[in-house]
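I opened this entry to look up aromatic rings and then the overall fold. My notes follow in the order I took them.

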Amino acid sequence: MSGSTSPAARPPLSLRGRLDAYERLLRLDKPIGTLLLLWPTLAALWFAASGTPRISLVLIFVTGTLLMRSAGCAFNDWADRDFDAHVARTADRPLAAGVIAPWEALALAAALALVAFALVLTVNRATVWWSFPALAIAIAYPFFKRFFALPQAFLGIAFSFGIPMAYAAVRGEVLPMAWVLLLLNLFWVVAYDTEYAMVDRDDDVRIGIRTSALTFGRYDVVAVAFCYAIYLTGMAWVGVFLRMGPAYYLGIAVAFAIAVYHLWIIRRRDRAACFRAFLGNHWLGLAVFAGVALDYALEHSRWPYAL
């Protein structure tokens, strides 16, 4: 399989062109990935702090999420640079198109990860220790698509690891509830990333990439429905266990309505509809987080505090 364009064949970039390439490499022009990471992390932060997380801690996790998502995109593009050029949706990515060099992607990924780690060092020792397996999982994910039939499940771990880190930051330890939330969130990730994989199904078959859409085959829509059901039912149980109030369940109900809408529009497996459903999961995650935050605020008058 051919690689990206050689350095000698690339035309020189202006400063503006290079900054634009870096923006696209880091997906700063596409915040959906950051938001899908952010909402469950913030929900965990609110749960761990019983509705009163420090504002400084919220800002650390928001910034860290953005940094690590961008670092992950750069590293993922480096790992997939010989595949992306053969997929219609990814062929114009800077590395796949030969606009920037592979070493630039690695350098940016490393720099952003180091800045994120510097933020973690301001929290506590438990969070620092948990940041190492989080980084290892993020590095391993791109290579799972080569051999693992359900790489979306591994992505689910990577995209959910902000949950135990949030508990570690607030409590100094990872409580059992954090692992329950991680497991439930994993099912949501499999649901929305299967919708994403349904967009590239034909290209993935041709180049030999493994995805959940291919593994589930004709049962892909059913599998997405099952994953949504596990996630939302589990989150309802979490509400019962933690004695959450009406605002929380309203958030779950809105998320359920969004999930049903997604299942309706992907039923014919149209590429554009599947991609639209994937993007819409941002609203599903926001609905769940808003339910958590509003319930603590309205039922218990618990808000973030500045310390």
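I checked burial of two residues to begin with. W188 is buried, and Y231 is buried as well. I keep in mind that this is a predicted model.

Next I searched the whole structure for aromatic pairs, and 20 came up. I looked at W188 and Y231 among them. Their ring centres lie 5.5 Å apart and their planes meet at 15°, so I logged the pair as stacked; the cut-off for that is under 30 degrees. Where do the two residues sit in the chain? W188 belongs to helix α9 (residues 176–199), while Y231 belongs to helix α12 (residues 220–241). They are 43 residues apart, and the pair links distant parts of the chain.

R267 lies over the face of W264, 3.6 Å from the ring centre.

Then I turned to the fold. I found 14 helices and zero strands. I boxed the C-alpha atoms along the principal axes and got roughly 60 × 45 × 30 Å.

Of the 307 residues, 51% count as buried. Among contacts with a separation of 6 or more, 76% come from residues 24 or more positions apart. The accessible surface is about 14100 Å², and carbon and sulfur atoms hold 69% of that surface.

Note on methods:
Residues numbered from 1 in each chain as written. Predicted model: local features only at pLDDT ≥ 70, side-chain atom pairs only at ≥ 80, totals over all residues. Heavy atoms only, no water. Phe/Tyr/Trp six-rings, centres within 6.5 Å; stacked < 30°, edge-to-face > 60°. Helix = DSSP H or I, 4+ residues; strand = E, 2+ residues; numbered from the N terminus. Buried < 20%, exposed > 50% of the residue type's maximum accessible area, 1.4 Å probe, protein only. Lys NZ or Arg CZ within 6 Å of the ring centre and 35° of its normal. Contact = heavy atoms within 4.5 Å. Areas by Shrake-Rupley, 256 points an atom, 1.4 Å probe, with all protein chains shown as cover.
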